[in-house]
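These are my notebook entries on one chain, written down in the order in which I looked things up.

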Amino acid sequence: MRRMAIPQPPTSYLPPIAKIASYTSTQLLDALTYLKLLYNPEVRGSHRIRSNAARNRGSSPIDVKWRCDDEDSDTQLIRSDTFERSYTIRWLIALVARMEDLLESIGNTQIESASTFHGPVHPEILMQQAASLLAICSGASAAGTVERIFSFGSGEIGKIDVRVTDIPMENQDYRSVGAQTWGGACVLAEMIVQHPEQFGLGFLTGENDTCSERPLRVLELGAGTGLVGLTAAKVLIAFSAKKDCRATVVATDFYPSVLDNLRANIDKNFPGDRSDGAVTITSHFLDWSKLSAMPSAPELLSEPFDVIFGADIVYEADHAIWIKKCLERLLRRPSTSAACPLAATFHLVIPLRPTHLLEAGSIETIFRWMDDIPHNDFPELVILSKETILCEAYRDDDGKRGCDVVEYLYYRIGWSRQG
């Protein structure tokens, strides 16, 4: 099953602006669905189905089918066309105005009164969807950009909204893959919101923590658009409102255009001066391959981190080696002083892509399992646990499960001796 393709550009597909009033609500809803697929497409493999714990080696990969095709180049060309985007904005403005006039005329008091408008969809629903798309299209001024709004919820901290912008890769340079939001980041961000205590964040609400001794330090490696780091920062802010605790979040990447976009996404979610807040978030350049050779780490990275995140960051054979060297320098080592109650941990989510199975397997080659480490006083970075997470590749237009599944591996990596 393929995800729905974009058949025509907006100037050809959308009802003419001058004739919007003559179209049924169902037809207008179809037009809005089309625009959402074009300008706000879902991230592939971001809907979790289930998680299978595999806390030791020997878990065989699940037989995953990969029939879903990636987005076609024609759709990308339509999305990057500035004239088509400008027309879409004008069309949405006209639709919102039409719905506002209609709601005013019927008083918006009874759903039945909307029967004067052709079709079963209430005009307020159309107006809300059109306004949301208008904000997305207007905010993405650069050709080929995609504005995304992610909403995650949990009973403990409520709803967390994160807004990020995806930008085009530079000349298909694989090093700029962080310009896009990938499914692994969506999966990890959702897990952080739903179970913050499992990631060393929920302890801020505990009664016996001593985090006031120093700020909790959180790092994201290969942050890309920053979804994971932004989510972690918002979770920490939600907890800091309940208890006087401090935290610092640093989101890192190395490709220039990706870093620029990362900074913009941070500013979008945390406008104004963030230096005086209980929770701060900032971006920083980091080249994994060179950190270990540097005589001293940059000032912002000079103090070790309690929690480190990585999502969809292993797609070269050397990445696991470089990541381990970074962790040896950046992940807080075991200590008898308990500034924070949980041991420092690296949380890594990677997809099992058919084209990168060797790279994904390198994690278990470079990092040994906890059970393989002899009992001694020398700490070593080891795999503490491993889980398999299954996600639907895409959902059908009606929101039901579609296509096949994407398999992710979630690793917890930490020091073999924890104090």
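In which sense do strand β5 and β6 pair, and over how many bridges? Before answering I note that I am working with a predicted model. I looked up the pairing and found that β5, which covers residues 247–253, runs parallel to β6, with 7 bridges between the two strands. Within this pairing I could also pick out T248, which stands opposite T280 in β6. I then checked how far β6 (residues 279–285) is covered, and since 5 of its 7 residues are buried, I wrote it down as largely enclosed by the rest of the structure.

Entry on the whole chain. I counted 11 helices and 11 strands. The chain has 419 residues, and 50% of them count as buried. For contacts with a separation of 6 or more, I noted that 76% are between residues 24 or more positions apart. The accessible surface comes to about 19,400 Å², and carbon and sulfur atoms account for 51% of this area.

Entry on aromatic rings. My search of the whole structure gave 5 aromatic pairs. In one of them, Y13 and Y34, the ring centres are 4.2 Å apart and the planes stand at 25°, which is under the 30 degrees needed to call a pair stacked, so I recorded this pair as stacked. Because Y13 belongs to helix α1 (residues 10–13) and Y34 to helix α2 (residues 25–39), the pair ties together parts that are 21 residues apart in sequence. Are the two partners buried or exposed? Y13 has 23% relative accessibility and so counts as partly exposed, whereas Y34, at 0%, counts as buried.

I next looked at F254 and Y255, whose rings form an edge-to-face pair with 6.3 Å from centre to centre and 85° between the planes. F254 is partly exposed, with a relative accessible area of 29%, while Y255 counts as buried at 10%. I also found that ring pairs link F199, F309 and Y410 into a cluster.

Entry on charges over rings. I found R217 lying over the face of F305, at 4.1 Å from the ring centre. In another case, the charged end of K324 sits over the ring of F367, and I noted a distance of 5.7 Å from the centre of that ring.

Where does D312 lie? I located D312 in the loop between β7 (307–311) and α10 (319–330). Setting aside neighbours within four places in sequence, I then listed the contacts of D312, which are W182, G183, G184, V349, P351 and R353.

Entry on helix α11. Which residues of α11 (residues 357–366) are buried? I noted E359, A360, S362 and I363. They span an arc of only 140° around the axis, so they lie on the same side of α11. To follow this I reminded myself that an α-helix has 3.6 residues a turn, so residues three or four places apart point the same way. On the face of α11 turned away from this buried side, I found the exposed residues L358 and T365.

Definitions and conventions:
Residues are numbered from 1 along each chain as its sequence is written. This is a predicted model: local features need pLDDT of at least 70, side-chain atom pairs count only at pLDDT 80 or more; totals for chains, interfaces and linings use all residues. Side-chain values use heavy atoms; hydrogens and water are left out. Rings of Phe, Tyr and Trp (its six-membered ring) pair if their centres lie within 6.5 Å; planes under 30 degrees apart count as stacked, over 60 as edge-to-face and the rest as tilted. Helices (H or I, at least four residues) and strands (E, at least two) are DSSP runs, numbered from the N terminus. Buried means under 20% relative accessible area, exposed over 50%, partly exposed in between (1.4 Å probe, protein chains only). A charge sits over a ring if NZ of Lys or CZ of Arg is within 6 Å of the ring centre and within 35 degrees of the ring normal. Two strands pair if DSSP finds at least two bridges between them. Contact means heavy atoms within 4.5 Å. Accessible areas come from the Shrake-Rupley method with a 1.4 Å probe; for residues, only the protein chains shown count as cover. The arc is that of the directions from the helix axis to the C-beta atoms.
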